[in-house]
Amino acid sequence: MIRLDRRRFLKFLGLAVPAPKLAPVALKQAAEPQEPLYQLPFATPPGPSTWYVAQWYGNTNIAYYIRNTIYREGQGLHFGIDFACPCETEIRAIGDGVVVGADDFSFGAGPHNAIVQHANGDLSLYGHLHLFPEVRWGQSIAAGDLIGYSGDSLDNYGCAALPHLHLEIRRPNRKIAVNPVHLVKADWHNLALGRFLGFVKDLENPRRWQTLEDQPETRFGGPHLNNYTRLWMR
């Protein structure tokens with residue numbers, strides 16, 4: 001009969017790991033406030049016939065495919081959250097602020113959009129609105145006020161292609177977009193309603209940017225972050 005000491009027994013079970021691998025590896029992540037500052041941009045609850053998350057912020061599969069075209073200036077990332085919703089769904093302000101843009105296409109996200117600056121300097125962008133926004137430049141608004149109505153970035157007349165709201169949060173200099181998941185109060189893990197399309201996995205660093213919370217800042221005009229040589233799509 002072969003007798004195993006504790007170390008050999010653990011190794012036999014596959015539980016013995018060299019000591020250096022036991023140390024936790026900290027993933028680099030942008031510091032964000034502990035408490036969300038803003039509310040969701042809808043007056044209705046989520047659901048298949050109202051709204052849900054169609055594409056998350058960050059290192060998404062869709063962004064990877066079009067990293068060299070639509071998302072080229074945003075380091076190849078999806079620099080907002082897309083909420084699928086029927087055309088002409090009411091879009092509400094996520095926080096108190098002042099309107100600093102109405103159809104400001106230096107930000108893109110047509111056919112219509114609105115931009116609100118909040119007291120801390122953050123800007124919230126509401127993109128792909130169906131009509132000219134209901135707010136005007138310089139107007140003061142409160143959280144929950146009507147911004148406009150959702151549209152379709154591909155078919156704004158028939159609204160039959162891809163109706164959704166694109167929501168961004170940018171820092172005061174407008175050159176950095178941050179993950180709304182950290183800043184908007186919501187039950188994010190239930191808002192995809194089973195339609196979560198996932199993040200691209202870089203096989204050189206497979207644990208990086210794989211969760212809703214762990215996504216990098218977008219620095220507009222910076223180098224691509226997702227030109228992976230070895231990747232896994234899911």
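User: Is F83 buried or exposed?

Analyst: This is a predicted model. In it F83 counts as buried, at 0% relative accessibility.

User: And where is W188, and how accessible?

Analyst: W188 is in the loop between α4 (180-183) and β12 (201-202). W188 has 5% relative accessibility, so it counts as buried, the cut-off being under 20%.

User: OK, aromatics then. How many aromatic pairs are there?

Analyst: The count is nine aromatic pairs. One of them is Y64 with Y228, which is stacked, with 6.3 Å centre to centre and 10 degrees between the planes.

User: Where do Y64 and Y228 sit in the chain?

Analyst: Y64 is in helix α3 (residues 61-65), and Y228 is in the loop between β13 (218-219) and β14 (231-232). They are 164 residues apart, so the pair links distant parts of the chain.

User: Buried or exposed, those two?

Analyst: Y64 counts as buried at 10% relative accessibility. Y228 is buried as well, with a relative accessible area of 10%.

User: What about F83 and W188, what sort of pair do they form?

Analyst: F83 and W188 form a tilted aromatic pair, with 35 degrees between the planes and 6.3 Å centre to centre. F83 is in strand β2 (residues 81-84), 105 residues from W188, and this pair also links distant parts of the chain.

User: Which residues make up the aromatic cluster with them?

Analyst: F42, W51 and W56 form one aromatic cluster with F83 and W188.

User: Switching topic. Which rings do R170 and R208 lie over?

Analyst: R170 lies over the face of F220, at 4.0 Å from the ring centre. R208 lies over the face of W209, at 4.1 Å from the ring centre.

User: Now H128. Which strand is it in?

Analyst: H128 lies in strand β6, which covers residues 123-129.

User: Buried or exposed?

Analyst: H128 is buried, because its relative accessible area is 12% and the cut-off is under 20%.

User: What does its side chain reach?

Analyst: The H128 side chain reaches the backbone oxygen of G110, at 2.5 Å.

User: Which other residues does H128 touch?

Analyst: Leaving out residues up to four places away in sequence, H128 touches A109, G110, P111 and H112, then S150, G151, D152 and S153, and also H164 and H166.

Terms used:
Residues numbered from 1 in each chain as written. Predicted model: local features only at pLDDT ≥ 70, side-chain atom pairs only at ≥ 80, totals over all residues. Heavy atoms only, no water. Helix = DSSP H or I, 4+ residues; strand = E, 2+ residues; numbered from the N terminus. Buried < 20%, exposed > 50% of the residue type's maximum accessible area, 1.4 Å probe, protein only. Polar contact = N/O pair within 3.5 Å; in protein donor to acceptor, adjacent residues only side chain to side chain. Contact = heavy atoms within 4.5 Å. Phe/Tyr/Trp six-rings, centres within 6.5 Å; stacked < 30°, edge-to-face > 60°. Lys NZ or Arg CZ within 6 Å of the ring centre and 35° of its normal.
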